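The entries follow in the order I made them.

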Amino acid sequence: MPDRSLTIYLRARDEAQATLDRIDKQLGHMTTTHANLATSMQTAASAAQLLGTALVFNRIGESIKQFAEVGEQIELMSQRTGFSTQAVSELRYAATLTGTSLEGLDIGIKRMQVTLFNAEQGTTKSVEALQHLGIAVSNIKNLKPEQQFELLARKLADIADPTAKAALAVEIFGRAGTALIPGLIQGSARLQQMTDDAERLGVVFDEDAAGKAKIFHDDLQRLGAATQGLFFQLSRDLVPTLEKVVEAFINGMGVLRSLVPIIEQNHALIAGLAAIIGGLFLAALIGATMALWGMIAPVVPLIAAFAAVA
């Protein structure tokens, strides 16, 4: 009987110890899982922070690029029309609010200047168009271009008959004249309100800002050309190597076709080997990706900003 009791005791002790060992092992797994989860969450947080920083830099880059593009448009239009950059900026803002493009406004202004020139030369239709508005050629020819536009727009806005207004707008501003009616030819008070808004919102370019924007835009164009030239040079140098790679792939496809019968006869074995190799490749790929991310993460914001600007 004592021997039997001892046996029961020893068995119970061993089973209890085994249970404790299993619990300790499970706790170890849980600790490892918790540590891995914490590491993953920390990595995800770092990645999110870098992504946020990259987005901010990207937005800054887009804003700089837009400044350069708009400034160049305004500078070039100022040179074409004789309008000041401030006047072009204000009219651009007003045109945006009323559904008119800057290009349409540019076309209308150039047609206006042709009409005024023809009126100075005594062209009957141009002189009569101005007379319908109560404007004498001698009173308008010496005004600044933006003042001429403002006077014509104000006089057109005073015409009550919409048919006559549209006809005279087309006669003076060309086909773009009808597009100008909804907003720019609605009276001096409305036009003044929109130009005041443009000044208040800070979207007006003075001569200095427009000039600098155009120079910077030209610099960006040269940077883009230099980058493109670099990639062209690299591509040219890589073509011979790439041709060999393509040729090797073509030859490899012939080898693979010759293996089809063997694969069909041993598909189970090959599937197992593929699964093992695929698992090893995936693990290596994940490790390489993490290592690469650790190398490029610090420069991601700079890359994003450069891509947005260029």
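Residue classes. I counted Ala, Val, Leu, Ile, Met, Phe, Trp, Tyr, Cys and Pro as nonpolar, Asp, Glu, Lys and Arg as charged, and the others, Gly among them, as polar.

Ground rules. I worked on a predicted model, where local features need pLDDT of at least 70, side-chain atom pairs count only at pLDDT 80 or more, and totals for chains, interfaces and linings use all residues. Residues are numbered from 1 along each chain as its sequence is written, and side-chain values use heavy atoms, with hydrogens and water left out.

Pocket. I took a 1 Å grid over the protein atoms alone and called a pocket an open set of points where a 1.4 Å probe fits, with protein on both sides within 12 Å along at least five of seven lines; lining residues have an atom within 4 Å of a point. Points are joined across faces, edges and corners, and volume is the space filled by probe spheres set on them. For the largest pocket I noted a volume of about 260 Å³. I listed 13 lining residues, with Glu 90, Glu 150, Leu 191, Gln 192 and Thr 195 nearest the centre. By class, the lining holds four nonpolar, four polar and five charged residues.

Which helices supply at least two residues each of this lining? I found H2 (85-97), H6 (145-157) and H9. H9 gives the most, six residues. Helices here are DSSP runs (H or I, at least four residues), numbered from the N terminus.

Salt bridges. I required a side-chain nitrogen of Lys or Arg within 4 Å of a carboxyl oxygen of Asp or Glu. The count came to three.

For exposure I used relative accessible area: buried under 20%, exposed over 50%, partly exposed in between (1.4 Å probe, protein chains only).

First entry: Asp 106 pairs with Arg 80, closest N and O atoms 2.6 Å apart. Asp 106 is in H3 (102-120) and Arg 80 in H1 (2-81), so the bridge ties together parts 26 residues apart in sequence. Asp 106 is buried at 6%, while Arg 80 is partly exposed at 44%.

Next entry: Lys 125 meets Glu 171 at 3.9 Å, N to O. Lys 125 sits in H4 (124-132) and Glu 171 in H7 (162-173), so parts 46 residues apart in sequence are tied together. I read Lys 125 as exposed at 54% and Glu 171 as partly exposed at 22%.

Last entry: Arg 200 and Asp 197 form a salt bridge at 3.3 Å, N to O. Both lie in H9 (188-201), three residues apart, and are therefore separated by about one helical turn. Arg 200 is exposed at 61%.
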